[in-house]
Amino acid sequence: LLRGSCARAAVAAASFSQSLDSDFTFTLPAGRKECFYQTMRKDASLEIEYQVLDGAGLDVDFSLYSPSGNMLIADYRKSDGVHTVETEDGDYMFCFDNTFSAVSEKIIFFELILDNMEDLEGGDPDWKEYVHGTDMLDMKLEDIMDTINSVKARLGKSLQIQTVLRAFEARDRNLQESNYERVNLWSCTNLIVMVVVSGVQVYLLRSLFDDKRKSRT
Amino acid sequence: MYITRSCLTQILMFRRALYFHIGETEKKCFIEEIPDETMVIGKYRTQLWDKQTGSFLPSTPGLGMHVEIKDPDTKIVLSRQYGSDGRFTFTSHTPGEHQICLHSNSTKMALFAGGKLRVHLDIQVGEHTNNYPEIAAKDKLTELQLRVRQLLDQVDQIQKEQNYQRYREERFRMTSESTNQRVLWWSITQTLILLVTGVWQMRHLKSFFEAKKLV
């Protein structure tokens, strides 16, 4: 009895919503390949979305391998991508490859959305274990619960969309800031080069004529 | 009973958590861009490759991870050693990109011995950090009240994120406008400099040739 209620409670605590998602942003150094693994179960679905937020060409190689080692998805030099796979039991591996770039490190954002991952009996979240007292309404409670569940699902979706928008905005902002630095650098360089070239031109011409004079006399 | 429940939750959470391999001296860093006054809880679990059994051992006593967290101004917020399983928490006081870095503290080469360390990681941000069973027990909430509280927390998080988004867009707009202005002014200045330099060169050379009696 204890184990059953523990399990139900754990499922409830860990999965108030049907789909679980996590996102990570990390730095991929130049010339490196980084791999991550996710344990999946049969008949669930794995959705992965990634974006390159910063770093030179804003592109990266992406690959997804099944637990048996087959390459399911391979993207080459893409800036962002989204893929969904129906999964089987095992550990899925996905890799971000920056070996084509020797100098620039990339900042990569990826989001994993797992569906149908409840793996214990009692898929219906039951929080009655640790609530205190009962609600006075009885008949209409079910309707209220349904509405609340649907509101919760929509809010969850809003949060997800916010995460994606944040990633887009971060990428645009990084792009702009690197543009800004580039403009500064090349403007200064341009100024120095122009002044130096102008001076050198005048000096060369003058020295040309001075030598001629000396050779004449 | 409560302890068993939270233990089971931990294991479940890690069964669906991401994992990756880390070398001995390797440092893995993750960036979390968060608004201010947001709580972040990170949990990790390590496993060591055992050559004899050809599999990953459940836990490795004596092998810890060093966790270092920097705020957007690259000031260190947290820098601590944890054991082979660890849980770290921090609350942001400035909005921006916080960096969470992990590296193993193993000094004995024998522990790794050419193998790799498997790290299961789970980072929860904002309203995901709330422990609802605990809140229900503390405030003595009914089921309906608990669910409404959860919705309120979610909406609160969304609103905080939107405020932060507004601040970021403002910064973005300022950078864009500044770049635009600089490009414009620099183009005008460059054209003027070229013209002035050209005119000066012609006049100087002309007077020079005249002085040398070549023209």
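Modeller: Let me begin with one residue of the predicted model: Cys101(B) is buried, having a relative accessible area of 2%.

Colleague: Which cysteine forms a disulfide with Cys101(B)?

Modeller: A disulfide is a covalent bond between the sulfur atoms of two cysteines, and the cut-off applied here is a pair of cysteine sulfur atoms within 2.5 Å. The sulfur of Cys101(B) lies 2.0 Å from that of its partner, and the partner is Cys29(B).

Colleague: How many residues apart are Cys29(B) and Cys101(B), and what is the angle about their S-S bond?

Modeller: The disulfide between Cys29(B) and Cys101(B) links distant parts of the chain, since Cys29(B) sits in strand β2 (residues 27-34) of chain B and Cys101(B) in strand β8 (residues 96-104) of chain B, 72 residues apart. The link is right-handed, and the angle about the S-S bond is 105°.

Colleague: How many disulfides does a search of the whole structure find, and which residues does the one in chain A join?

Modeller: Over all chains, the search finds two disulfides. The one in chain A has an S to S distance of 2.0 Å and joins Cys35(A) to Cys95(A). Strand β2 (residues 33-40) of chain A holds Cys35(A) and strand β7 (residues 90-97) of chain A holds Cys95(A), so the pair, 60 residues apart, links distant parts of the chain; the residues joined are Cys35(A) and Cys95(A).

Colleague: Are Cys35(A) and Cys95(A) buried or exposed, and how does Cys188(A) count?

Modeller: Cys35(A) and Cys95(A) are both buried, where the limit for that class is under 20% relative accessible area. Cys188(A) has a relative accessibility of 49%, and therefore counts as partly exposed.

Colleague: How many helices and strands does chain B have, counted separately?

Modeller: Read from the N terminus on, the elements of chain B run α-β-β-β-β-β-β-β-β-α-β-α-α. Counted by type, that chain has four helices and nine strands.

Colleague: What share of the contacts in chain B with a separation of 6 or more comes from residues 24 or more positions apart?

Modeller: For context, buried residues make up 45% of the 215 residues in chain B. Among contacts with a separation of 6 or more, the share from residues 24 or more positions apart is 72%.

Colleague: How far apart are the end C-alpha atoms of residues 183-202 of chain B?

Modeller: The UniProt annotation "transmembrane region", from an unreviewed entry, covers residues 183-202 of chain B. In the model this span is 100% helix and 0% strand, and its end C-alpha atoms are separated by 29 Å.

Notes
Residues numbered from 1 in each chain as written. Chains lettered and ligands numbered in written order. Predicted model: local features only at pLDDT ≥ 70, side-chain atom pairs only at ≥ 80, totals over all residues. Heavy atoms only, no water. UniProt positions renumbered as here; feature names shortened; annotations may be inferred. Helix = DSSP H or I, 4+ residues; strand = E, 2+ residues; numbered from the N terminus. Buried < 20%, exposed > 50% of the residue type's maximum accessible area, 1.4 Å probe, protein only. Contact = heavy atoms within 4.5 Å.
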